[in-house]
Amino acid sequence: MNHLTGINHLSDDDIRSILVRAKNHADILRKGEKVERTLKRKNIITMFFENSTRTRLSFEMAANRLGVNVINWDAEHSSMKKNETFLDTVLTVGAMNPDAVIVRHSEYEAPVFMANRMRCSVINAGDSWREHPTQALLDAMTILEAKGTIEGLTITICGDVAHSRVAASNFLLLSRLGAKLRVIAPDFLMPHKWTVAGIETFTHMDEGLPGSDIIMMLRNQKERMNAAFIPDDITFHRQYGLTRERLDLAGKKALVMHPGPINRNVEIADDVADDPERSLILNQVSNGVPLRMAVLEHCIQGHAA
Ligand code: NCD
């Protein structure tokens, strides 16, 4: 059975085949051709304990395209509101024998806990600040599409890196794919521990940006920290916001990414976020669908085999 709770669940071959398959799906979707319903009559349950727009919708779109039945479990209207525990909820959902469960949770390793207690595939759609593997995979797909390669690129991740599961999964994935990684963050948003070696760190945008091929901006994830440490939005933007001037500093070919949701004119200026030449933000969203189609196939077909 294939779970996907973190990037290191995947072998190099798994990563390669998911990215190839995702590109194939993307080409078919772009041409408006019919997608083969490779997962017809499979059933998945989405369990989002935290808010989501793009991750949840793109998993649903991906599942629908492949012929999967999707059922949304809704935390607000669930029996957890009648004091049912998380464990009993997990055992109850598992007893209905879905083919896969997609989970987002504020607790560290909640998907790992579930994977140990369910017989279906468990796919992590983001847990605490630990991992968000499908976001990292769609980011890698987007970079490959824009730059043709990841090997040797300088990829700079900026802002609230300490609380970002997106950054955490990207460190693991992009370093395996041969990128040179940089981080730019104020001390209070800089991680204390690193899961991969060789990341260059900077506390000033002007020092870390020059020579970057990709600049990945992050939202200040105030729900995961004591927000009192963060300066007001205007001050943060002045110090760490990606403005046109700072983008120019990075170089003429530097491209901008952001997993969303964006906070306009906090971590990223309007004109940078909306620049069709330099911003890949909506490409990331579009790629979420074919990438998650490939992940569902990887997990569910592996499960059926
Ligand atoms: C991110 C998340 O939820 O981890 N968004 C996403 O899935 N695209 C980032 C965030 O919330 O800032």
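This is a predicted model: local features need pLDDT of at least 70, side-chain atom pairs count only at pLDDT 80 or more; totals for chains, interfaces and linings use all residues.

Colleague: What distance separates an oxygen atom of the ligand from the side chain of arginine 219?

Modeller: An N or O atom in the side chain of arginine 219 lies 2.7 Å from a ligand oxygen. The backbone takes part too: a polar backbone atom of glycine 260 is 2.9 Å from a nitrogen atom of the ligand.

Colleague: Which elements give two or more residues to the shell around the ligand?

Modeller: Helix H2 (54-65) and helix H6 (165-176) do. The surrounding residues include Arg54, Thr55, Arg165 and Val166. His132, Gln135, Gln221, Pro259 and Pro261 are also among them.

Colleague: What classes do the shell residues fall into?

Modeller: The shell has 3 nonpolar, 5 polar and 4 charged residues.

Colleague: Now the empty spaces. What is the general idea?

Modeller: A probe the size of a water molecule is rolled over the atoms, and this shows where empty space is left.

Colleague: What is the volume of the largest pocket, and how many residues line it?

Modeller: Its volume is about 520 Å³. The lining of this pocket has 21 residues, with Tyr108, Trp129, Ala162, Pro191 and Lys193 nearest the centre. By class, the pocket lining splits into 12 nonpolar, 5 polar and 4 charged residues.

Colleague: Why is the largest pocket placed between the domains?

Modeller: Domain 1 (7-131 + 287-300) and domain 2 (133-284) both supply lining residues, so the largest pocket lies between them.

Colleague: How many cavities of 30 Å³ or more does the structure hold?

Modeller: There is 1. The largest cavity has a volume of about 50 Å³. Its lining includes Leu138, Gln284, Val285, Gly288 and Arg292.

Colleague: Which element gives the most to the lining of the largest cavity?

Modeller: H11 does, with 4 residues. The cavity lining divides into 3 nonpolar, 4 polar and 2 charged residues. Both domain 1 (7-131 + 287-300) and domain 2 (133-284) line the largest cavity, so it lies between them.

Colleague: Last topic: backbone geometry. What should I expect in general?

Modeller: Most residues other than glycine have a negative phi, and most peptide bonds are trans.

Colleague: Which residues does a cis peptide bond join here?

Modeller: Glycine 260 and proline 261, with omega about -10 degrees. Proline 261 is in the loop between strand S9 (255-257) and helix H10 (270-273).

Colleague: What is the phi of glutamate 109?

Modeller: It is positive, about 65 degrees, although glutamate 109 is not a glycine. Glutamate 109 lies in the loop between strand S3 (100-105) and helix H4 (110-115).

Definitions and conventions:
Residues are numbered from 1 along each chain as its sequence is written. Side-chain values use heavy atoms; hydrogens and water are left out. A residue is near a molecule or strand if one of its heavy atoms lies within 4 Å of it. A polar contact is a pair of N or O atoms within 3.5 Å; within protein, one must be able to donate a hydrogen and the other to accept it, and residues adjacent in sequence count only if both atoms are side-chain atoms. Ala, Val, Leu, Ile, Met, Phe, Trp, Tyr, Cys and Pro count as nonpolar, Asp, Glu, Lys and Arg as charged, and the others, Gly among them, as polar. On a 1 Å grid over the protein atoms alone, a cavity is a set of points where a 1.4 Å probe fits but cannot get out, and a pocket is an open set with protein on both sides within 12 Å along at least five of seven lines; lining residues have an atom within 4 Å of a point. Grid points are joined across faces, edges and corners, and a volume is the space filled by probe spheres set on the points. Domain bounds come from an automatic or database domain assignment.
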